[in-house]
Structure formats: structure tokens, C-alpha cells
Amino acid sequence: MMSGGVGKYTHIDNQPQVSGSVPAVPDPGHVTVQFTADSNLQTFPPSGSQGKISGGSRPPRDADDTFSKPISGSDEPQQGGWFRTFTIAAYKPYFDVDTTEVLDRIKDSLFPFRGTFTEKTANNPDLYGPFWICTTLIFVAASIGTFVTYIAHKLQKKEWNYDINLVTWSAGVFYGYVLLVPLALYVILKYFSAPSGLVQLFCLYGYSLFVFIPALCLSVVPLEIFRWVIAGVAGFMSATFVALNLRAHIMSAGERWFLIVAGIFLLQLALSVVLKLYLFTVTV
């Protein structure tokens, strides 16, 4: 113990203390932590997203849906307008069909006088069926055409050479027809104030070509008159299917609706004539 001066210094249990005007210093070896009800505790992993790195403990958003649309509030860029046309997500809904729906639409295309195809597909037009119908037509036309010409050359004991242009020509005709004709019709209908959905026109024209698949298979019969009949029947069914399904909609275009429907019908018949002259005709 020491006395005198401003204060006094005492030593109790080896703990230095200062009394008087010098405040006491708490023992650094004992730290007391108090928790109150208002404490803001952090949990790990965090329940919400903070900062640029969010949801680290959650699975990827597209773990089971690769091309799903970005949810609101996400960091993924959302494109709109014409930029969305060049994304896969823009076309995903038009391939969201099952086998039953595709088969039902194919059956409707084989019964052209019903005229109910556009009503059934108004809320869910697809591009899956038209794409595979056109692709199948290309390979069927190339294979059947090659087979028929091969048999014809062999029967006459002449040399036969494979024509690769048959594939490229078929692809240009079928893909080009399904893309360009509906696009042109879309512009015409919009001009006459009777606009129709572009995807619905693609769907209608795509399924209208299915009847040419069995027609091409029947063209293996080596009778020219039979091939003309097959091409004519297929063209008439396809043209009737398209014209009757668009008639009710085009009638709102005014007095010229009949000319538009007649043009659609004749253009579809012209396609069948072109197919007959190039695919259904065998020259040796």
C-alpha cells in the first residue's frame, strides 16, 4: 500500500487498482457479452440474396429447365422487343406439344373439309409439327426419287448416277414454301386489316404439307397417269385444308376476301404441280 499524492495505489489479490480521482480499469481477462432481444443476428447460409453473389446455397435456377425465362429481380439480362426474337426462349412455347397433339393435328390435315384446325390451334400453335413434316418430306422425296430412278435405269439396263441436287432442291422447296408463303400472306392480311398470327400461319401451312408424304410414297408405282392422280388429289386436299381454315378469318377483309382465298387455293395447287413435274416424274 502506498499513500500520498493525488491518490493511492492498492494491490489486492495481485490486481492493481487505482482509487481516488483515477478511474478503475476493468479486468481485460474477463469479457462479458450480453444478448438482448433486439440483437440483429446473422444466420448462415443467408436466407435471402445480398450483394452481387446471391443464393449460394440454393441449386441453379435452371437445374431442371435449361431454357426457362429469368425470374423477376434476377441478375440475368432480360431482352425485349426484336432482340428476344433471336433467343431460344422466344421459340420454346411453340415446341411445347406432345405426341398426341401432333397426331391429332395431322389427322385434321387429312380431313380438309372440317375447317376447324385454326380454332383448335388458336391458343397453342406449334412449330414442332411443321418442322418435322418438312424435314421428313425432304428425306422422303430424296429417297423415293432416288429409288424410283434407280429402278427405272436398271430395268432398261442403263447406267445410273445419284443426283445430290434432289436433296438440296427438296429442302429449298419445302422449307422455302413454309417460310415465305405464310410470311407474304401475313403481310397481305395485315394490309387488308384482317391480321392473323404469323406462327399460326406457319403452323397451318406446315401441317398442310403432310398429305404429300404418303403421296410421294405412292409415286413408286410405275404408272404416269396414277402419279398424276396422286399428285392432283394431294394438291387438292392440301389446298382445301388451307383455304377453308382461312376463309372465315379472311372474310373480314371485305369484298376482296374471295380473291385472297382463291389465290391461296391456286398457289397450293401450283405447289403440287411443281412436285409432280420434278419429284413424281421419272426420266431415264
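The accessible surface of the protein comes to about 18900 Å². Carbon and sulfur atoms account for 64% of that surface. The model is predicted. Of the 284 residues, 31% count as buried.

**Fold layout**

The secondary structure comes to 8 helices and 2 strands. From the N terminus on, the order is β-β-α-α-α-α-α-α-α-α. Contacts were also sorted by sequence separation. Among those between residues at least 6 apart, 68% join residues at least 24 apart.

**Nonpolar core**

The largest nonpolar core holds 47 residues. Within this core, F174 and L209 have the most contacts. Seven helices are named as suppliers of at least two residues each: α1, α3, α4, α5 (198–208), α6 (212–218), α7 (224–250) and α8 (257–278). In soluble globular proteins, nonpolar side chains tend to be buried together.

Which residues does F174 touch, beyond its neighbours within four places in sequence? The partners are C134, L137, I138, A141, L209, L275 and L279.

**Cysteines**

C217 is partly exposed, at 36% relative accessibility. How many disulfides does a search of the whole structure find? The search returns 0.

**Salt bridges**

The whole structure contains 4 salt bridges.

| Pair | N to O distance |
|---|---|
| R105 and D126 | 2.3 Å |
| D108 and R114 | 3.3 Å |
| D108 and K120 | 3.4 Å |

Take R105 and D126, whose closest N and O atoms are 2.3 Å apart. R105 lies in helix α1, and D126 sits in the loop between α2 (117–120) and α3, so this pair ties together parts that are 21 residues apart in sequence. Is R105 buried or exposed? R105 counts as buried, at 8% relative accessibility. D126 is buried too, at 0%.

D108 takes part in a salt bridge with R114 and in another with K120. D108, R114 and K120 are therefore linked in a network, given that a salt bridge needs a Lys or Arg nitrogen within 4 Å of an Asp or Glu carboxyl oxygen. D108 belongs to helix α1 and K120 to helix α2, so their pair ties together parts 12 residues apart in sequence. The two ends of this pair have opposite labels. D108 is buried, with a relative accessible area of 8%. K120 is exposed, with 51%.

**Nonpolar surface patch**

Which residues form a nonpolar patch on the surface? They are Y91, F95, Y128, F131, W132, Y175, L179 and L180. Together they have about 790 Å² of accessible area. The elements giving two or more residues to the patch are α3 (128–155) and α4 (165–191).

Y91 comes from elsewhere in the chain. This tyrosine is found in the loop between β2 (15–19) and α1 (99–109). At 37% relative accessibility, Y91 counts as partly exposed. Patch residues must have over 30% relative accessible area, so Y91 passes that cut-off.

Conventions
Residues numbered from 1 in each chain as written. Predicted model: local features only at pLDDT ≥ 70, side-chain atom pairs only at ≥ 80, totals over all residues. Heavy atoms only, no water. Patch = residues over 30% accessible without salt bridge, like charges linked within 9 Å, V, L, I, M, F, W, Y side chains within 5 Å. Areas by Shrake-Rupley, 256 points an atom, 1.4 Å probe, with all protein chains shown as cover. Salt bridge = Lys/Arg side-chain N within 4 Å of Asp/Glu carboxyl O. Helix = DSSP H or I, 4+ residues; strand = E, 2+ residues; numbered from the N terminus. Buried < 20%, exposed > 50% of the residue type's maximum accessible area, 1.4 Å probe, protein only. Core = buried A, V, L, I, M, F, W, Y, C linked by side-chain atoms within 4.5 Å. Contact = heavy atoms within 4.5 Å. Disulfide = S-S within 2.5 Å.
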